[in-house]
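Please keep the sequence and the model in view while reading.

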Amino acid sequence: MKKQADTSSPFKLSLGDYIGISPKIDLVIIQKLADRFAGRHFLHINSTRSGGGVAEILQRMIAILGGLGINARWEVIEGDARFFDITKRIHNAVQGNPEQFSKDMWQHHFEINKKNAKKLNLDADAVLIHDPQPVPLIEFRKSGKWIWRCHIDASSPVSGVWGSLKKYVKKYDAAIFSVAKFAQKLLLDEFIIPPAIAPLSGKNRELSSDEINKALEKLNIAADKPIILQVSRFDRFKDPVGVIKAFRLVKKYNDCRLILAGSPATDDPEGEFIFNEVREFAGSDPDIHILQLPPTSDIEINALQRTATVVIQKSLKEGFGLTVSEAMWKGKPVIGGATGGIPLQIIHGVTGFLVHSVEGTAFRIRQLLNNSEMAKRMGESGREYVRKNFLITRQIRDYLSVWYAMENKGKSVIEF
Amino acid sequence: MAEIKPFEFKQCVSILKSIGRKAKNLQELREGLAGISDESIFHHTYQYFLRGRLLEYTNDFAQWAGEGLEERALAEYLSNIDPYSFKDVRGLRNELLNVIDRYLSDFPKPREAMRGDEFYFNEAIILISPVGIQAKNLAEFLMAIKYVEPECIYFHFYEARIRPPEEVDDFSNWFEDALDKRELANKVRAIDPFMHSLEETRRHLIDLVEKELRTDMERF
């Protein structure tokens with residue numbers, strides 16, 4: 001194989017760091033599969049080195065796989081501003097938002113990938129291409145199994161856009177979607193692997209009470225009464241105004257605070273407008289805190305989630321909605337809109353409540369505020385559910401399993 | 001004295017595969033059920049137990065009928081079908097179809113699922129691997145069964161039932177064949193797989209094996 005620049009992860013994580021955190025079965029299966037794949041090459045390619053859940057998981061996954069003797073590499077494609085404008089539009093169109101595309105734009109998408117293909121070492125035993133940005137790299141495949149990993153909801157794409165992408169996707173050996181309902185029908189193996197959270201990251205690791213107090217002090221939040229929290233960017237689909245309406249219904253009966261915390265997204269021009277609209281709607285109520293936090297606020301978000309009594313994710317439309325798992329991991333009961341990937345995380349009445357209205361949200365908040373035993377029980381069930389289903393180790397296990405299954409194609413039961 | 005064949009604990013994990021087919025109403029569920037692979041039926045019924053039984057009903061079809069279509073009576077009928085009472089998937093498929101047909105003849109126009117709540121037919125690939133623990137006697141078995149992962153209990157207690165030639169759970173099979181403990185084997189076989197979660201099944205197994213060990217130790 002061609003000599004490659006060091007693209008290993010700067011993280012010093014190993015599988016052993018997850019002992020006592022992740023289910024043992026996941027660690028054992030990862031170890032066993034890694035023994036099979038020792039010395040072989042596993043290449044991941046996406047379009048950003050930092051920011052977003054995919055990069056956060058890749059940083060850690062590459063470190064863990066490397067520590068297990070797999071030659072795991074992570075490459076990031078480069079492009080000009082026009083390329084990223086086009087790929088942002090593709091991203092939106094795959095999720096069903098109307099966008100205009102010209103032939104020239106698709107050509108530019110391909111040409112940038114072609115340039116990257118010349119620079120990158122695409123030689124590997126398994127190649128995982130993340131999302132639509134690098135999807136044309138399949139045209140330059142050399143060896144190994146090529147898998148397209150779609151992290152977004154592709155259930156109702158703009159048809160012309162999907163048609164252009166599909167030309168590439170159908171050349172892959174397999175595709176992976178996060179949820180069955182996000183998938184498109186393709187004539188290739190389609191695996192369903194939900195995303196995951198990193199339990200040792202700043203956003204999710206255990207915090208000392210000192211760290212929590214410092215973060216609350218920094219945000220000027222008093223923990224003198226129960227806290228209702230929603231963490232999400234300021235977007236109509238997250239229904240921040242609906243959350244405030246629900247809070248006002250709750251306030252008639254229970255004294256509590258509401259915190260809406262989010263970070264601005266550079267690719268969301270509407271964000272600032274919604275933020276101001278939400279602030280205006282909140283008025284001068286001293287118990288409502290609208291926080292626009294810098295993207296580097298992982299510890300602060302972590303502290304808020306650990307301080308909250310009830311966490312809300314009242315989305316009207318959602319991708320997977322991993323903030324639900326993040327809150328559940330901290331032992332909090334979560335009330336979520338029954339949309340996107342949220343029903344996969346919230347088992348109604350067991351790990352939280354699924355709601356369909358402002359009134360439903362208010363009712364469930366009151367139920368949890370007035371029944372601390374129920375809140376505790378749901379929080380504990382939620383944490384265990386996340387431990388079993390939505391931690392990074394389960395995702396690594398699944399990626400290796402898919403690779404192994406593809407090398408044993410045609411078998412529905414594989415003993416190893 | 002003949003050497004006892006040790007019990008080797010194995011565990012399994014599944015990887016989900018989409019088959020690209022969905023149903024938005026009962027008629028489409030019926031058509032799907034008639035046409036999908038045995039593996040897909042197997043996944044939505046037998047493998048339901050691998051997921052730890054957090055939900056209200058006892059298989060994916062019943063769960064969707066109850067939650068997605070809000071046809072609670074149908075959900076109850078479907079939930080009452082015990083997949084382990086059938087010799088093969090064909091028999092199970094026929095029973096599922098019969099129940100749906102009866103319901104459709106009584107209620108020909110059941111409601112449609114809301115957009116996004118459709119039923120998605122899937123399959124799963126199962127990966128099986130040894131846990132690395134063997135039991136050579138009942139005391140070792142007891143220690144292991146307390147701590148193995150739930151997926152291990154699924155593999156030996158649930159999945160084993162559809163594995164020829166024995167078609168019984170692996171635990172009772174070992175108690176009878178290797179330890180010559182027929183009575184214990186029968187007690188284990190009397191645990192209703194259909195009515196217990198993996199953790200409840202574990203507790204029953206621990207109770208039975210502990211009692212058996214106590215009785216063995218009191219013998220002189």
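The sections below move from the separate chains to the sheet, the interface and some individual residues.

## Basis of the report

The structure is a predicted model, in which local features need pLDDT of at least 70 and side-chain atom pairs count only at pLDDT 80 or more, while totals for chains, interfaces and linings use all residues. Residues are numbered from 1 along each chain as its sequence is written, and chains are lettered from A and ligands numbered from 1 in the order in which they are written.

## The two chains

Chain A has 14 helices and 13 strands; helices (H or I, at least four residues) and strands (E, at least two) are DSSP runs, numbered from the N terminus. The radius of gyration of chain A, taken over C-alpha atoms, is 22 Å, close to the 22 Å that the globule rule gives for 416 residues, so chain A is as compact as a globular protein of that length. That rule is 2.2 Å times the number of residues to the power 0.38. The C-alpha trace of chain A spans about 65 × 50 × 40 Å along its principal axes.

Chain B contains ten helices and two strands, which follow the pattern β-α-α-α-α-α-β-α-α-α-α-α along the sequence. Its C-alpha trace spans about 70 × 30 × 30 Å along the principal axes.

## Burial and contacts

A residue is called buried if 20 or more other C-beta atoms lie within 10 Å of its own, exposed if 12 or fewer do, and partly exposed in between, with C-beta atoms placed from the backbone. By this rule, 47% of the 416 residues of chain A are buried, and 39% of the 220 residues of chain B are buried.

Two residues are in contact if their C-beta atoms, placed from the backbone, lie within 7 Å. Among contacts in chain A between residues at least 6 apart in sequence, 70% join residues at least 24 apart. For chain B, residues 24 or more positions apart account for 67% of the contacts with a separation of 6 or more.

A nonpolar core is a set of buried Ala, Val, Leu, Ile, Met, Phe, Trp, Tyr and Cys residues joined through C-beta atoms within 7 Å. The largest such core has 173 residues, of which Ile147(A) and Leu229(A) touch the most other members. Leaving aside residues up to four places away in sequence, Leu229(A) touches several residues, including Ile259(A), Leu304(A) and Ile312(A).

## The sheet

Strands of a sheet pair through backbone hydrogen bonds, either parallel or antiparallel. Here two strands are said to pair if DSSP finds at least two bridges between them. An open sheet of nine strands with mixed pairing has the order β2(A)-β1(A)-β3(A)-β4(A)-β5(A)-β6(A)-β1(B)-β2(B)-β13(A). At its edges stand β2 (71–76) and β13 of chain A, each with a single partner strand, so one side of each is left without a neighbour in the sheet. The twist averages 25° from one strand to the next.

Within chain A, strand β1 (residues 41–46) and strand β3 (residues 126–130) pair in the parallel sense over four bridges. Phe42(A) has Ala126(A) in β3(A) as its bridge partner. Helix α7 (residues 150–158) of chain B packs on the sheet and touches β1 and β2 of chain B, and its direction makes about 90° with that of β1(B). Such angles run from 0 to 180 degrees between N-to-C directions, and axes are lines fitted to C-alpha atoms, for helices over the stretch in contact.

## Where the chains meet

The contact takes 21 residues from chain B and 27 residues from chain A. On the side of chain B that touches chain A, β1 (7–23) and β2 (119–135) of chain B each supply at least two residues. The residues on this side of chain B divide into ten nonpolar, six polar and five charged. In this count Ala, Val, Leu, Ile, Met, Phe, Trp, Tyr, Cys and Pro are nonpolar, Asp, Glu, Lys and Arg are charged, and the others, Gly among them, are polar.

Strand β13 (residues 413–415) of chain A pairs with β2(B) in the parallel sense over three bridges. In β2(B), Ile126(B) is the bridge partner of Val413(A).

## Two residues in detail

Leu43(A) is found in strand β1 of chain A and is buried, with 23 other C-beta atoms within 10 Å. Leu43(A) touches Arg73(A), Glu75(A), Ala124(A) and Val127(A), not counting residues up to four places away in sequence.

Ala144(B) lies in helix α6 (residues 138–147) of chain B. Ala144(B) is partly exposed, because 16 other C-beta atoms lie within 10 Å. Apart from neighbours within four places in sequence, Ala144(B) is in contact with Phe9(B), Ile133(B) and Ala135(B).
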